[in-house]
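Have a look at the model first, then read on.

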Amino acid sequence: MTNTAQATVGGGCFWCVEAAFERVRGVESVVSGYAGGTTEDPSYEAVCRGTTGHAEVVQVTYDPTESSYRDLLEVFFTVHDPTTEDRQGPDVGSQYRSIVLYHDEDQRETVEDYVDELEASGEYDGIVTEIEPLDAFWEAEEKHQDYFAKHPNQPYCQMQIPPKLEKLESSHRDKLAPGAEN
């Protein structure tokens, strides 16, 4: 059994973020869920109403000998827009905010340093990504797990996910698992 680590991030609809991370080398699982709010064990409907404080997030379990936490951050910041507050594409509301929920102080330092590098590079103008400790992760309902894999012809998926995967493939081919290209 390999040693694994976890990363928890949110960048819009969890279906989109999940589909990207499922293609990354060393990723063992990606679970869609909710975090960053105050309501215990929230439902999808409650999160969508915007009353729980939670964001749609994914929790990535990965082998750090194959992909580092920084590698995962590079993927994350590629597949969403960290400069739009409470919005990703057609999805609007605080549940779609850009957020990194760190698991320990090493992750906190890594993400803060990486965001500083991105801002200094001029690649992004005004990163609004929240950086907070992970207090609790609530797994989303089963129907939201592996959504794109199960529903590739669903109209939202057809419109929103392929451009993110194409950007991932063109920017980070070296981080993809063997056979992960579209």
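Three bridges join strand S2 (residues 27-35) to S8, and the two run antiparallel. Strands here are DSSP E runs of at least two residues, helices are H or I runs of at least four, and both are numbered from the N terminus. Two strands count as paired if DSSP finds at least two bridges between them.

A word on the source: this is a predicted model, where local features need pLDDT of at least 70, side-chain atom pairs count only at pLDDT 80 or more, and totals for chains, interfaces and linings use all residues. Residues are numbered from 1 along each chain as its sequence is written, and side-chain values use heavy atoms, with hydrogens and water left out.

**The sheet**

Zooming out, six strands form an open sheet in the order S7-S6-S1-S3-S2-S8, with mixed pairing. Its edge strands, S7 (130-133) and S8 (137-139), each pair on one side only. On average, neighbouring strands are turned by 35° against each other, direction ignored. S2 is also joined to S3 by eight bridges, again antiparallel, and in S3 alanine 55 is the bridge partner of alanine 35.

Alanine 5 sits in strand S1. Skipping neighbours within four places in sequence, alanine 5 is in contact (heavy atoms within 4.5 Å) with Val60, Thr61, Tyr62 and Pro64.

**Helices on the sheet**

Axes are lines fitted to C-alpha atoms, for helices over the stretch in contact, and angles run from 0 to 180 degrees between N-to-C directions.

| Helix | Residues | Strands | Angle to S6 |
|---|---|---|---|
| H3 | 69-79 | S1, S2, S3, S6 | about 170° |
| H4 | 105-121 | S1, S3, S6, S7 | about 145° |

**A helix pair**

H1 (residues 14-21) and H6 (residues 155-171) pack at about 40°, with axes 9 Å apart. Their crossing is right-handed (the near helix is turned clockwise from the far one by less than a right angle). H1 brings Trp15, Cys16, Ala19 and Ala20 to the contact, while H6 brings Tyr156, Cys157, Gln160, Ile161, Lys164, Leu165 and Leu168. That contact divides into nine nonpolar residues, one polar and one charged. Here Ala, Val, Leu, Ile, Met, Phe, Trp, Tyr, Cys and Pro count as nonpolar, Asp, Glu, Lys and Arg as charged, and the others, Gly among them, as polar.

Ala7, Val9, Phe21, Val60, Leu72, Leu73 and Phe76 line the cavity. S1 and H3 are the elements giving two or more residues to that lining, and H3 gives the most, with three. The lining has seven nonpolar residues, no polar and no charged.

Methods. On a 1 Å grid over the protein atoms alone, a cavity is a set of points where a 1.4 Å probe fits but cannot get out, and a pocket is an open set with protein on both sides within 12 Å along at least five of seven lines; lining residues have an atom within 4 Å of a point.
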